[in-house]
Amino acid sequence: MMWVDICFFIAQYELEVQVKEVIKIVDSQTIRALRMERQFLSYKASEEEYISLYRDAQPGQSIYWNGFGDPPSLTFRADFDDIEFNRKRQSTRKLIKGRFAGGNLGWIMVEDLELFAALYRKPLDKPSERQHVLLDLIKREGPLTIQQMKEFTGMLVKEITPALHRLQEAFLIYEDQYDGEWDRSWYKFTEMFPNADLARYSRQESLKILLQRFAYRHVLFDGDMVKSFYKLPGKEIKKAIEGMLADGIFIEMENSYLLKSDWALLQTYAKETPKFVLAMHRNDFLVKSNEHRLKEQFKHPEHETLQYLLIDGEFRGASVGHFKNGPYVLEDIILDLPKAEITARKNEILEAVYTVNFGRNNPIKRYNGENL
């Protein structure tokens with residue numbers, strides 16, 4: 001081995017040692033502060049910043065237990081009405097609907113269609129008779145609404161709908177929901193997106209691209225968070241992360257990961273997380289990423305979770321009760337905070353819950369188990 005090669009390997013080794021030593025001293029408050037900045041929860045995003053955030057937080061979802069057909073929302077993050085902004089993006093097909101992340105409905109930016117198709121498309125090699133009939137009908141007569149399909153075939157809606165969903169997962173048909181109307185048309189996929197190359201990315205290539213976006217917005221993450229949000233097999237996630245560690249894209253830190261490009265930034269990053277309380281809906285990007293632990297940490301024996309409370313950049317509580325049309329039933333607010341802080345921040349926490357639950361005319365019955 002030549003002397004220059006030896007020097008190179010020594011330099012590489014010393015760099016790796018320095019990185020590992022530096023990573024060990026990055027504290028959670030610094031990570032949390034950078035995460036809140038990148039989530040635009042420290043300040044509000046402009047339209048340009050919001051579009052960038054939305055791209056990284058896809059598939060976007062509407063507010064949990066929302067009105068039918070509402071656009072997706074990244075709540076609290078924009079300095080404008082993002083629901084109306086996304087409604088316009090839907091109407092111009094800049095946001096398109098699909099079944100992603102375990103078959104859940106979501107909205108992606110049209111330019112990322114091929115990326116998400118690589119990750120979530122479920123090929124359908126042997127369609128059932130019902131699926132075959134509907135696909136043939138849409139190809140021949142489409143676009144068609146479900147009511148029109150019912151009239152053509154004599155099938156019941158409950159027979160048509162699951163067949164359409166499976167064809168949708170195979171990216172053979174497309175549901176064109178560009179507004180909030182109930183009666184939406186279904187198209188042959190290639191008619192709506194004639195230039196889409198569904199084989200442009202492999203599944204692993206797609207996952208690695210999305211993992212970099214996910215890492216940037218979370219700063220520090222683990223495999224369970226990825227699985228919770230994207231609803232993908234753990235083995236695939238582990239393989240992708242290991243590949244990105246080997247390629248020097250990620251660095252490991254106590255069974256979690258961050259972008260290598262972030263570790264130097266974190267050494268000089270001096271901003272602090274602002275003090276705030278936000279009641280985050282259950283489809284929120286941060287909630288979905290941490291859902292696997294939140295639903296256990298704040299599980300209530302009698303009531304369902306309405307929102308999770310993000311307090312100074314951490315999930316430290318939940319509002320619980322019952323969803324219904326109109327004002328929800330607010331049974332209690334449960335908290336994982338020191339007793340003194342539970343008392344000192346009572347009004348602030350109550351106000352955050354009222355803000356997303358129809359205001360003070362919808363009374364909260366209990367606060368951390370005690371009657372109000």
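A residue is called buried here when its relative accessible area is under 20%, exposed when over 50% and partly exposed in between, with a 1.4 Å probe and protein chains only. By that rule, both Phe229 and Phe285 are buried.

The model is predicted, so that local features need pLDDT of at least 70 and side-chain atom pairs count only at pLDDT 80 or more, whereas totals for chains, interfaces and linings use all residues. Residues are numbered from 1 along each chain as its sequence is written, and side-chain values use heavy atoms, with hydrogens and water left out.

**Aromatic pairs**

- Rings of Phe, Tyr and Trp (its six-membered ring) pair if their centres lie within 6.5 Å, and planes under 30 degrees apart count as stacked, over 60 as edge-to-face and the rest as tilted; by this rule the count comes to 25 aromatic pairs.

**Helix H10**

- Helix H10 (residues 203-218) has 16 residues and reaches 22 Å from its first C-alpha to its last, close to the 22 Å expected at 1.5 Å a residue, where the expected span is 1.5 Å times one less than the number of residues.
- Among the buried residues of H10 are Leu207, Leu210, Leu211 and Phe214.
- Val219, which follows H10, has a positive phi near 70 degrees.

**The four-stranded sheet**

- Four strands form an open sheet in the order E7-E8-E9-E10 with antiparallel pairing, two strands being paired if DSSP finds at least two bridges between them.
- Strand E7 (277-281) and strand E10 (329-335) are the edge strands, each of which pairs on one side only.
- The twist averages 30 degrees from one strand to the next, with axes taken as lines fitted to C-alpha atoms, for helices over the stretch in contact, and angles running from 0 to 180 degrees between N-to-C directions.
- E7 and E8 pair over five bridges, E8 and E9 over seven bridges, and strand E9 (residues 314-322) and E10 over six bridges.
- Seven of the eight residues of E8 are buried, so this strand is largely enclosed by the rest of the structure.
- In the hairpin of E8 and E9, which has two residues between the strands, Asp312 takes a positive phi near 55 degrees.

**Helices on the sheet**

- Helix H16 (residues 346-355) packs on the sheet, touching E7, E8, E9 and E10, and its direction makes about 30 degrees with that of E7; contact means heavy atoms within 4.5 Å.
- Lys295 has its place in helix H14 and is partly exposed, with a relative accessible area of 47%.
- Lys295 and Arg282 are 13 residues apart in sequence and 10 Å apart in space, C-alpha to C-alpha.
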